[in-house]
Amino acid sequence: MSIYEYPEPLEDLDRSINLWAQLKTEAGAAGVADKMAEIKSVIADKLAELRALPEDPALRAAEPDDLSGIRALRPHGPRRYWTELPEGTFRNRLEGAIMGRFAGCVLGSIVECWEIEKMERWAAYLGDAFPPTDYWTEAERPQDLKYRTSLRETFTLSKMDGVPTDDDIIYTQLGMLILEDYGPDFTLDDIGAAWVKYLPHAATAEGVALKNLRAGLSPAQAAVVDNPFMFWIGADIRSDPWGYAAPGYPEKAAQFAWRDATISHRRNGIYGAMYFSAVISAAFALGDPLKALEAGLLEIPADCLLARELRWALDTADVINDYRGARTAVDSRYAGMHRIHTINNAVLTVWGLKVGGDDYTKVIGETVAMGLDNDCTAATAGSIFGAAYGAGAIPEHWTRNFNNKVYSYIIGVEKFALDDMVDRFTALAKTVLSGD
């Protein structure tokens with residue numbers, strides 16, 4: 001049974017209304033425009049009533065948005081593992097985390113949100129392994145652009161020359177720029193300024209926040225005006241730069257993530273970002289993805305929904321053996337939840353790491369095969385894996401075509417060099433760890 005009893009969705013209602021309005025107009029019916037105006041008015045009134053429904057106060061108290069409130073509800077446990085940077089160990093693991101993230105994202109990007117059956121048919125048609133053990137050999141709609149920048153075919157084995165663009169990669173780059181431009185004490189206002197300066201476009205919660213910022217709303221209000229996406233996955237795909245810049249210091253990584261997430265998300269949307277930032281940070285020090293997944297729980301409210309579901313995922317991980325079992329369990333427990341939600345995708349990320357173990361190819365292959373927002377989940381799983389095990393644990397075929405190039409749609413930046421990103425995050429980590 002699903003943890004929520006979602007109401008039946010109003011599937012295709014707007015399409016049906018529009019089609020009947022067109023048909024009646026073509027048939028010469030009188031009063032079509034008046035009836036459409038009446039329908040719009042009724043819908044607007046009911047939507048306003050829906051948005052005004054009071055929320056559960058007890059649940060709200062268990063899920064605060066302010067940092068002090070969040071910290072007051074955390075479990076007890078270690079907040080910091082490293083007080084200074086072990087540069088040799090860190091650089092190798094940082095390179096692994098960045099490469100692991102980018103490869104997982106690129107593998108999942110051109111099958112993002114595909115159902116398992118569609119991926120299986122596509123793999124069979126191409127003769128590719130499934131779950132994938134290498135990049136796809138062809139892309140559906142190869143000449144379409146991803147994020148208005150990279151051709152879809154550049155995500156494939158034969159056409160790849162550098163890491164193509166994806167929002168899961170852009171936000172890692174953007175976090176680095178925010179830390180460089182404003183320092184570790186960056187504020188919510190700084191994030192707002194950076195978004196307006198660097199982001200040409202965004203989607204879902206980020207798209208709403210960016211639109212609100214450009215309309216003159218303050219960064220503190222950008223997340224809460226006309227934003228039904230504030231519990232979705234967008235903030236947690238922005239987690240990685242905060243973990244990279246505060247390695248071995250999950251409390252600080254989560255604090256960075258909280259500041260960043262607050263511009264677009266609330267409640268479990270914020271906690272997803274704080275959790276995965278803390279996990280990545282802990283993975284650098286602990287060298288074990290599963291221990292890091294446990295450590296991340298220390299930085300979010302103990303009784304929030306995300307924490308409860310992550311504990312369930314960790315407790316049941318031993319009975320999840322492959323992508324099918326993972327997806328079946330998630331579909332049952334979260335029936336009706338959107339495929340881009342924070343919670344269901346966080347659970348799949350945990351299981352991808354558990355099923356794959358110390359085999360990077362299996363981690364990202366199984367995670368992509370699970371579906372839902374699978375470029376995001378594979379990117380996060382790959383980042384955690386690399387932070388724990390280092391660059392040497394990632395087979396060379398996943399990175400050979402990166403060619404030290406990471407393309408970007410950040411305003412004014414066409415591409416980054418991978419080795420330069422490693423250098424820059426290392427410098428940031430030194431600053432952060434020496435400053436606290």
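**Exercise 1. Work out how H7 and H8 sit against each other.**

Start with handedness: H7 and H8 make a right-handed crossing, meaning that the near helix is turned clockwise from the far one by less than a right angle. Helices here are DSSP runs (H or I, at least four residues), numbered from the N terminus. A quick note before going on: this is a predicted model, where local features need pLDDT of at least 70 and side-chain atom pairs count only at pLDDT 80 or more, while totals for chains, interfaces and linings use all residues. Residues are numbered from 1 along each chain as its sequence is written, and side-chain values use heavy atoms, with hydrogens and water left out.

Next, the geometry. H7 (residues 167–182) packs on H8 (residues 188–198) at about 120 degrees, with the axes 10 Å apart. Axes are lines fitted to C-alpha atoms, for helices over the stretch in contact, and angles run from 0 to 180 degrees between N-to-C directions. That angle makes H7 oblique to H8; under 35 degrees would be roughly parallel, over 145 roughly antiparallel, 65 to 115 roughly perpendicular, and the rest is oblique.

Last, the residues. Contact means heavy atoms within 4.5 Å. From H7 come Leu174, Leu177, Ile178, Asp181 and Tyr182, and they meet Asp190, Ile191, Ala193, Ala194, Trp195, Lys197 and Tyr198 of H8.

**Exercise 2. Now take H8 with H9: what angle do their axes cross at?**

The axes of H8 and H9 (residues 204–214) cross at roughly 95 degrees and come within 10 Å. H8 and H9 are therefore roughly perpendicular to each other. On the H8 side the contact uses Gly192, Trp195 and Val196; on the H9 side, Glu206, Ala209, Leu210 and Leu213.

**Exercise 3. Is Ser383 buried or exposed?**

First find Ser383: it lies in helix H18 (residues 374–389). Then check its accessibility: at 0% relative accessibility, Ser383 counts as buried. The cut-offs are under 20% relative accessible area for buried and over 50% for exposed, with partly exposed in between (1.4 Å probe, protein chains only). Finally, list its partners: leaving out residues up to four places away in sequence, Ser383 touches Ala97, Gly100, Arg101, Asp240, Tyr244 and Ile280.

**Exercise 4. Why is H17 largely enclosed by the rest of the structure?**

Count first: nine of the ten residues of H17 (residues 360–369) are buried, so this helix is largely enclosed. Among the buried ones are Tyr360, Glu366 and Ala369. Then look at what surrounds them: the buried residues of H17 pack against H5 (87–109), H6 (116–126), H15 (323–333), H16 (342–356) and H18.

Methods: Helix = DSSP H or I, 4+ residues; strand = E, 2+ residues; numbered from the N terminus.
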